[in-house]
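Subject: Handover of a structure, with findings

Dear colleague,

Please find the structure below, followed by an account of what was found in it. I would be grateful if you could read the account with the structure open.

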Amino acid sequence: MSTTILFTIISLSAIGAIAAIILYFVAQKFKVYEDPRIDQVEEILPAANCGGCGYPGCRGFAEAMVKADDLSPFYCPVGGNETMAQAAEILGKAVEAKDPLVAVVRCSGSPNHRPRVNEYDGASSCTISSSLYSGETGCQYGCLGLGDCVDVCDFDAIYMDQETGLPVVIDDNCTACGACVKVCPNDIIELRKKNKKDRKIFVSCVNMDKGGIAKKACEVACIGCKACVKVCAYDAITVENFLAYIDPNKCKLCRKCVEVCPTNAILEINFPPRKVKLETEKATKAEPAKTETK
Amino acid sequence: MNKTITISPSPHVYEDTTAKRLMFDVVIAMLPVLAFSIYFFGMGAIIVTLTAVVSCLAFEWLIQKFLLKQEPTISDGSALVTGILLAFNVPANLPIGIIIIGSLVAIGVGKMSFGGLGNNPFNPALVGRVFLLISFPVQMTSWSMPTGFSNSYTDAITGATPLGVMKEGIGAGESVSAIMDKIPSHMELFYGHMGGSMGEIAALAIMIGFAYLLIRKVITWHIPVSIIATITIFTGILWLANPEANADPLFHLLTGGVMLGAVFMATDYVTSPMSVKGMWIFGIGIGVITVLIRVYGSYPEGVSFAILIMNAFVPLINSYIKPKRFGELRND
Amino acid sequence: MLKTFPKGGVHPAEGKYSAGSAIEALPLPKIVSIPIAQHIGAPSKPIVAKGDKIKVGDKIAESAGFVSANIHSSVSGTVVKIDNVLDSSGYKRPCVIIDVEGDEWNEGIDKSSLIKKEISLTDKEIINKINESGIVGLGGATFPSHVKLSVPDGKKIDVLIINGVECEPYLTSDHRLMLEKAEEMLIGIQILMKALSVNIALIGVENNKPDAISHLQNVVKEYPGIEVHALKVQYPQGGEKQLIKALINREVPSGALPLDVGAVVHNVGTAFAVYEAVQKNKPLFERVVTLTGESVKKPSNFMVRIGAPVTDLVEAAGGLPEDTGKIINGGPMMGKAVNSLEVPVVKGTSGILIMPAEESKRKKESNCIRCAKCVSVCPQGLEPFLLNKLAQLEINDKLETGGVMDCIECGSCAYTCPAGLPLLDYIRLGKSRVSQIIRLRKQ
């Protein structure tokens, strides 16, 4: 009996030793040199593997950064400036700070404002719906409401508001990876500069039809009247194809354009209530759900 | 125009077949088998079937409602099929408690743990059956005899199955012709006058069910035929080589779970291959493993093991055996 | 044993309510909107401007490349404007809008109903004439016909196949055409044969149109080289590849065209249009459109001017039924649901199907039970359940090796799925993604 145990121990140990030797030599033979800095950089990255940087996963991004001479084309939207600064330190290269961004949904066409004219009954995907036709409402530019952006978000930063049928971005969770921007077939979502206290002013519409047609399809559509352009003191607003656009880099958040917009297409979010009573009413009337979000 | 019209991608018409209808067709096909087992096993058959069906439905509902927090889908009929199949695979005098345990394993482990209908790799009823066979070998192999309603459920007259008699006899060195005298004739085997699991005894009833499934286009013939053909050929060779040491092919087909397994268990959509070629491989595999277990293994019967083993190969078969594409170049 | 294609296929309820109604001319519309993109390929360039007076048959938009087609006015009157109008694509697209005044035809068109048999043009001239007349495949694909007739060097065509299958349920426009215009159609086929210099033409007709088959078989005796074949009723027999396989048992390789196996397929409607263009100098500006549906009062076949709004057809067929739930441009298997009755009839409109509300909704979705019915009905031998999943998960390389580009979008898989899964929706999505990837790779 004891000899059996002895033999088992000896033979197993011998097999183990031989295998170890073989493994050692094989490992030596097939060793691939890898820059140790790749591991270091990968370590500090957020490991979200969201692809927001444009590379396949965080490791791919780290490899690319280690190889590159200039870090200016690289940016990790999830980690932000802090992570980029750390990465630059490891690699001994310089990196410029970029403004943090946040996703903004540019459509306010809830069923109240934008009546449904037909009913979609296909697979629940905006991309499929948009390949078929212009959507359930008269507006062919606006939100289709099937939630591709919600499905694609890795950070739980976007959800469908059941009442309005529109996606809502949770600013604190949004990393500006841009996945929702890419997936939206109507290009409604835009990455805009993140302001203090998450304040936002933007044209919540992408309708490029003439004013009359746009207004007929949706009450809160931008009709391209240029009233906002006239009132803007910073030249931040341009109108093209009957659609106004506020340049986030020029906008000083003065809110004058919001007041003059005849269709309430410009939204102000996370601002304190206005002092003049009349205007407060107007602002809350415009989009009560949104102003109360935060 | 005031009405809202519907827009959806093509196609705009649908066949009226639903998953539910397919499941209830299977239930209808199993009714003749159930009728035969009630005729032969009396009250026991009714009690076992009812217990299995009710507990399978109950477990599926409870698991979906409270564990998975989904909308329960017991009305789709798949748990009903599992319940009846489980009952078909146990003796008619099995205690109620054991049946309930079997149902829990079948539904809980065999089906819901993988994500419910459509995602289970193994046939749930067979998972339940094999679990019981290993856990309660005595109760699972004390087969009640086909004595109809004169047999009581709790105190049934029990005996061995023809396969058991055969295995024991050959093991003891008796010749096949001598053993044959101890067991029912082939004709009796055909209409099910023998001891065994509830649903496996009546080959006649199973064939009626098979015909119904084929007419309703619920299943194709490939899997049952490939299993039966393989078993016939394999046991036929053994029998021709030495008729005194091996039973004839007909005996193998009519006894045990071959017919039940081939028609109702191996053809389960979820756990069988998708392509015709794959179905042949699947069926041949089941046939070969069944005969190997019966002739060379220690169990007298091996259909349920064979099906479970081949179930495990289905994903592999599906990813390697592809249907031939239209216009596929022949040289690649 | 009737011929058919060997793999897959389904047989939906036929519902050919309008099979017995003769083709009647639709009253002239008051206004037409003629889209400049009615065909596969580059949209045409409009050559008229606001205020122009035009006659029936005048060219209003010019072909913008080899794969493109001319567009002719279907009415006489004044061009109101060129504007974006909702068409059957589901989007607003540029259309030439013409106010109808009278019905004055271009002088060059032979309006007599006399059948002209002699073909005086040469093969090159025929192809030019077809190109000039803006003829596209009238079966629904709207591929410019002259492209199909211009056989590249090195390819040899030995058989012309004429698609009279009309495998889509409900539609009867080709059926009526074969019954009423058989003679003209056969001359059209002869013209196509001359253009391709082939000696054999096979007409495939499904066996659910016995009157058309026997009528054609009678008339065809005077036309050597043309044969009529009855085919077993099986959807999608009208698919080019399936029809070639059914008639001459040649299999078009994956990714190849019918001309790679020596065949060219044209629709019966196209053959008729070719006759009118070549023998009567009449460009393509009207076509036969079936207006049908279970609750439609008078299911009919109309000769309709291109650009007429669908409302006009609906009115002529007894008005929109009370229970309308869906309006489909085309048949129920491959047609496209439209979101307005104002969309214009285009060259590819073979029918308008009005479905009752209770049939308009899809089946409730449930889990895939892996029944493999989709695999067994796929005429291309694909695995729809797998492609569906891969497309949802965006695994594009596996989609490509899984043959998603071979999918002909016939819808048999979604039709048959007992779980009611939107298989084709996702497969189509995957197909468009993969084709984009392939295009990028080629650059």
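A residue is called buried under 20% relative accessible area, exposed over 50% and partly exposed in between, with a 1.4 Å probe and protein chains only. This is a predicted model, in which local features need pLDDT of at least 70 and side-chain atom pairs count only at pLDDT 80 or more, while totals for chains, interfaces and linings use all residues. Residues are numbered from 1 along each chain as its sequence is written, chains are lettered from A and ligands numbered from 1 in the order in which they are written, and side-chain values use heavy atoms, with hydrogens and water left out.

Salt bridges

A salt bridge is taken as a side-chain nitrogen of Lys or Arg within 4 Å of a carboxyl oxygen of Asp or Glu. Over all chains, 44 salt bridges are counted by this rule.

One of them joins Asp83(C) and Lys81(C), with 3.6 Å from N to O. Asp83(C) is partly exposed at 29% relative accessibility, and Lys81(C) is partly exposed at 39%.

In chain B, Asp25(B) and Arg21(B) form a salt bridge of 3.0 Å, N to O. Both residues belong to helix α1 of chain B and are 4 residues apart, about one turn of the helix. Helices (H or I, at least four residues) and strands (E, at least two) are DSSP runs, numbered from the N terminus. Asp25(B) is buried, with 3% relative accessibility, whereas Arg21(B) is partly exposed at 26%.

The salt bridge between Glu251(C) and Lys245(C) has its closest N and O atoms 3.0 Å apart. Here Glu251(C) is buried at 17% relative accessible area, and Lys245(C) is buried at 14%. In chain A, salt bridges with shared partners connect Glu34(A), Asp39(A), Glu42(A), Arg59(A) and Glu63(A) in one network.

Aromatic rings

Rings of Phe, Tyr and Trp (its six-membered ring) pair if their centres lie within 6.5 Å; planes under 30 degrees apart count as stacked, over 60 as edge-to-face and the rest as tilted. This rule gives 12 aromatic pairs over all chains. The pair of Phe36(B) and Phe40(B) is tilted, because the ring centres are 6.4 Å apart and the planes stand at 45°. Both residues lie in helix α1 (residues 19-41) of chain B, 4 residues apart, which is about one turn of the helix. Phe36(B) is partly exposed at 22% relative accessible area, while Phe40(B) is buried at 4%.

Tyr17(C) and Tyr170(C) form a tilted pair, with 5.9 Å from centre to centre and 55° between the planes. This pair links distant parts of the chain, 153 residues apart: Tyr17(C) is in the segment before β1 (23-25) of chain C, and Tyr170(C) is in the loop between β9 (159-164) and α3 (173-180) of chain C. Tyr17(C) is partly exposed at 40% relative accessible area, and Tyr170(C) is buried at 9%.

In chain A, ring pairs join Tyr55(A), Phe61(A) and Phe74(A) in a cluster.

Sheets of chain C

Two strands pair if DSSP finds at least two bridges between them. One open sheet has 4 strands in the order β2-β8-β7-β4 (chain C), with antiparallel pairing. Its edges are β2 (31-35) and β4 (53-54) of chain C; each has a single partner strand, so one side of each is without a neighbour in the sheet. Strand β4(C) pairs with β7 (residues 77-86) of chain C over 2 bridges in the antiparallel sense. Within β7(C), Gly77(C) is the residue opposite Ile54(C).

Another open sheet has 3 strands in the order β3-β5-β6 (chain C), and its pairing is antiparallel. Strands β3 (45-46) and β6 (71-72) of chain C are at the edges, each pairing on one side only. Strand β5 (residues 59-62) of chain C is joined to β6(C) by 2 bridges, and the two run antiparallel. Ala61(C) has Ile71(C) in β6(C) as its bridge partner.

With kind regards
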